[in-house]
Amino acid sequence: MKKKLTAAGAAASLFLGLSGFIYHEVIDSNGKVFDKVGQIVSSKKAGAAPEIDPREKWLCGQSFTEYRIKGCDGTMLHAYYLPAEKETDKFIFCSHGYRSNALTGFALITKFLHDKGYNVFLIDQRGCGKSGGNHITFGNKESKDCLLWLDFMLETFGKDIEICLYGVSLGSATVMMMTGDPALPENVKFTVADCGYTNAWNEFSNVLGVIGPLKYPILVGADIFCRLFAGFDFRDTNALEGVKHARIPILFIHGGADDFIPPVMCYELYEATSAPYKDLVIIDGAWHAKSYATDSALYEKKFSEFAEKFF
């Protein structure tokens, strides 16, 4: 009996320890281990380190106007604004991915958007870049923050501006969650959703699949930690539910070689959406969040077609 209790205690300790580790490293904005793992995986996918892309060099030379607002829970948030060369009422609202930031997340495509004559508004999500916040909530609070940013844009740049919501990875799930929100301003004309997940539960389940039978109890434990300390549930981050009620057109983009957020999630989102118009592009050979870098020409063509149709 004593041995059974000891074994049970050890199992419980292991469960709590692993669940707490997942919570701290994935949700806490100060987590470091998964960042390092991600960098190693990315470097192996990319091969030898390439020279800095000229488009990234161009971005580093731009002068931005910087803004700050309070998020949905009072967290201080930060954004960069790059106006077009010629005055325009068309804005691209850029929402970056997990543990990225406004400038690194859109290091390559910002030049294209600027050259097309759009104003580019790039936000640092909570817990990232120059924004405050102790937790990354996978779209739960980020989507509410972004709605506040949209209100700020209308107040700052005018009530008649037109906006495209453009998100990558976590940022894609965030903007998809917004597409069916009753609070979404009519100024938002369409969405470009690049490599987003259906919800955080499904995404974590995919990533943790490598640990086999331990996956489910650890996922449940990490979710409990999130509810207690970060104020959200993995299933609350539901992009799939968002697109089911979408009121604006959506262009879905996904890398065909993405094994972090698998393309099957993109197909699920595409099939589920109630968007008045939708299109889906799979970029052959592209890993996670690398679709633009892999085939810039196709990406720009599809983005331009959508913009010309709905702006």
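Where is Arg-126 found? Arg-126 sits in the loop between strand E4 (119–124) and helix H6. Helices (H or I, at least four residues) and strands (E, at least two) are DSSP runs, numbered from the N terminus. This is a predicted model, in which local features need pLDDT of at least 70 and side-chain atom pairs count only at pLDDT 80 or more, while totals for chains, interfaces and linings use all residues. Residues are numbered from 1 along each chain as its sequence is written, and side-chain values use heavy atoms, with hydrogens and water left out.

Let us stay with Arg-126 for a moment. Its relative accessibility is 3%, so Arg-126 counts as buried; buried means under 20% relative accessible area, exposed over 50%, and partly exposed in between (1.4 Å probe, protein chains only). Not counting residues up to four places away in sequence, Arg-126 touches a list of residues including Cys-72, Asp-73, Thr-75, Leu-77, His-135 and Asp-145, where contact means heavy atoms within 4.5 Å. With Asp-73, the side chain of Arg-126 makes a side-chain to side-chain polar contact at 2.9 Å. A polar contact is a pair of N or O atoms within 3.5 Å; within protein, one must be able to donate a hydrogen and the other to accept it, and residues adjacent in sequence count only if both atoms are side-chain atoms. Thr-75 is 51 residues from Arg-126 in sequence, yet their C-alpha atoms are 7.5 Å apart in space.

That pairing leads to the chain as a whole. Among its contacts with a separation of 6 or more, 76% join residues 24 or more positions apart. The chain has 13 helices and 8 strands, and 50% of its 311 residues count as buried.

Next comes helix H6 (residues 140–157), whose axis comes within 9 Å of that of helix H7 (residues 170–178), crossing at roughly 65°. Axes are lines fitted to C-alpha atoms, for helices over the stretch in contact, and angles run from 0 to 180 degrees between N-to-C directions. H6 and H7 are therefore roughly perpendicular to each other; angles under 35 degrees count as roughly parallel, over 145 as roughly antiparallel, 65 to 115 as roughly perpendicular and the rest as oblique. The residues making this contact include Cys-146, Leu-147 and Leu-150 of H6, along with Leu-170, Met-177 and Met-178 of H7. Also in H6 is Thr-156, which is partly exposed at a relative accessible area of 36%. The side chain of Thr-156 reaches the backbone oxygen of Phe-152 at 2.8 Å.

Finally, turn to helix H8 (residues 200–207), where Ala-200, Trp-201, Glu-203, Phe-204 and Ser-205 are buried. At the start of H8, a side-chain oxygen of Asn-199 comes to within 3.1 Å of the backbone nitrogen of Trp-201. H8 packs against helix H9 (residues 215–229) at an angle of about 140°, with their axes 10 Å apart. That makes H8 oblique to H9. From H8, Trp-201, Phe-204 and Ser-205 meet Lys-215, Tyr-216, Leu-219, Val-220 and Asp-223 in H9.

Leaving aside residues up to four places away in sequence, Ser-205 touches Lys-215 and Leu-219.
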